[in-house]
Amino acid sequence: MAFIVLGVLLVVAAVAGFFYMQHTKSELHAMIGTETLSIPELERLRGISDELGSQGGFRKTAEVVGAAFQRPEGLLISEVSKSECVWYRYRIDRQYEHVEYRDGRRHYSKRTEKVADFTSSEGYALIDEENRTIGVDPNGTSPEGVEQSVDRFEPAGGEQQPFELFGIRLPDFFASSRDNTIGYHYKEWIIRPGRRMYILGEVHDKIGPLVIGKPDQKGHYIVATRTEDELRKSRSQRHKLLAVGVVVAFVAGLASTVFGIVR
């Protein structure tokens, strides 16, 4: 029976890997097939669209590169490290000791639960060498290759300053279970102003100025602090590894299942 279960799990993993491989291939082809356009070129295309009577209806899949730039209201301040940035995300996990009673004895194990996971939704911009900007809608994707500004574990009962979220001191929030709390793991990622970025998405003028964001219909939305060449290389390598892994997992799963049946 164990061989059959293992075989089924391997086949399921192979199927999941196959779909992930296809998604990776699709992203790679999108980067290869999409033109990188400058902000003036996009403005020119939007102007043509306006002349044809489609004000507010401009849509163009494109790649855009530039430096991260603050929104008109100014820079954001990240919650954990208090860094100036245009985008941030943080996650806080509580690690605790779980107690189970089995066979008349206590059994201890370490477990983790998510306390908070927040991503800023405020838009920002890319700016080119001539100080021309295009808006960026961050919703719908997780940027790749962003800087991790915080990665620290603070033991419970230490001298750390409790993190406050909506006015609540998080460690105190779990005061009732403090006796089994081991500590808190804080992680934060940010995009600082001036960081060079690559974005593949749909450029539109729904709100007036040009903005690049997630396509309304089918299509990819890739936001990264890496170059296009780096992204292509990483996806090519991932595709090759997945191709090998899918075949190996499927064959091994099939063999394990058959062995479990005939055994």
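The protein chain has a mean pLDDT of 88, and 89% of its residues reach 70 or more, where pLDDT is the predictor's confidence in each residue, from 0 to 100. This is a predicted model, in which local features need pLDDT of at least 70 and side-chain atom pairs count only at pLDDT 80 or more, while totals for chains, interfaces and linings use all residues. Residues are numbered from 1 along each chain as its sequence is written, and side-chain values use heavy atoms, with hydrogens and water left out. Where pLDDT is low, the predicted coordinates should not be read in detail.

The secondary structure comes to four helices and 14 strands. Helices (H or I, at least four residues) and strands (E, at least two) are DSSP runs, numbered from the N terminus. Of the 263 residues in the chain, 38% are buried; buried means under 20% relative accessible area, exposed over 50%, and partly exposed in between, with a 1.4 Å probe and protein chains only. Among contacts between residues at least 6 apart in sequence, 72% join residues at least 24 apart, a contact being heavy atoms within 4.5 Å.

Helix α1 covers residues 2-33, and its 32 residues reach 46 Å from the first C-alpha to the last, close to the 46 Å expected at 1.5 Å a residue. The expected span is 1.5 Å times one less than the number of residues. The buried residues of α1 include Gly7, Ala14, Gly17, Met21, Thr24, Glu27 and Leu28. An α-helix has 3.6 residues a turn, so residues three or four places apart point the same way.

Toward the other end of the numbering, Thr257 is found in helix α4 (residues 228-262). Thr257 counts as buried because its relative accessibility is 18%. A polar atom of the Thr257 side chain lies 2.8 Å from the backbone oxygen of Gly253. Not counting residues up to four places away in sequence, Thr257 touches Phe3, Ile4, Gly7 and Val8. Gly7, as noted, is one of the buried residues of α1.

The loop between β2 (76-77) and β3 holds Lys82 and also Ser78. Lys82 has a positive phi of about 60° although it is not a glycine, and Lys82 counts as exposed because its relative accessibility is 53%. Ser78, by contrast, counts as buried because its relative accessibility is 1%. The Ser78 side chain reaches the backbone nitrogen of Ser83 at 2.9 Å, and a polar contact of 3.2 Å joins the side chains of Ser78 and Glu188. A polar contact is a pair of N or O atoms within 3.5 Å; within protein, one must be able to donate a hydrogen and the other to accept it, and residues adjacent in sequence count only if both atoms are side-chain atoms. Leaving out residues up to four places away in sequence, Ser78 touches Ser83, Cys85, Tyr88, Glu188 and Ile190.

Another loop, between β6 and β7, contains Asn131. Phi of Asn131 is near 65°, a positive value in a residue other than glycine. Asn131 is exposed because its relative accessible area is 61%.

Gly194 is found in the loop between β11 (181-191) and β12 (196-204). Gly194 counts as exposed because its relative accessibility is 51%. The C-alpha atoms of Gly194 and Ala68 are separated by 5.0 Å, although the two residues are 126 apart along the chain. Beyond four places in sequence, Gly194 touches Ala67 and Ala68.

Strand β12 itself includes Ile199, which counts as buried because its relative accessibility is 0%. Apart from neighbours within four places in sequence, Ile199 is in contact with Ala62, Glu63, Val64, Leu126, Val136, Ile212, Tyr221, Ile222 and Val223. Ile199 and Glu228 are 29 residues apart in sequence, and their C-alpha atoms are 8.9 Å apart.

The largest pocket is lined by 17 residues, of which Tyr124, Gly135, Val136, Ile207 and Val211 lie nearest its centre. The elements that give two or more residues to this lining are β6 (124-127) and β7 (133-136), and β7 supplies the largest share, four residues. About 280 Å³ of space lies in the pocket. On a 1 Å grid over the protein atoms alone, a pocket is an open set of points where a 1.4 Å probe fits, with protein on both sides within 12 Å along at least five of seven lines, and lining residues have an atom within 4 Å of a point. Grid points are joined across faces, edges and corners, and a volume is the space filled by probe spheres set on the points.
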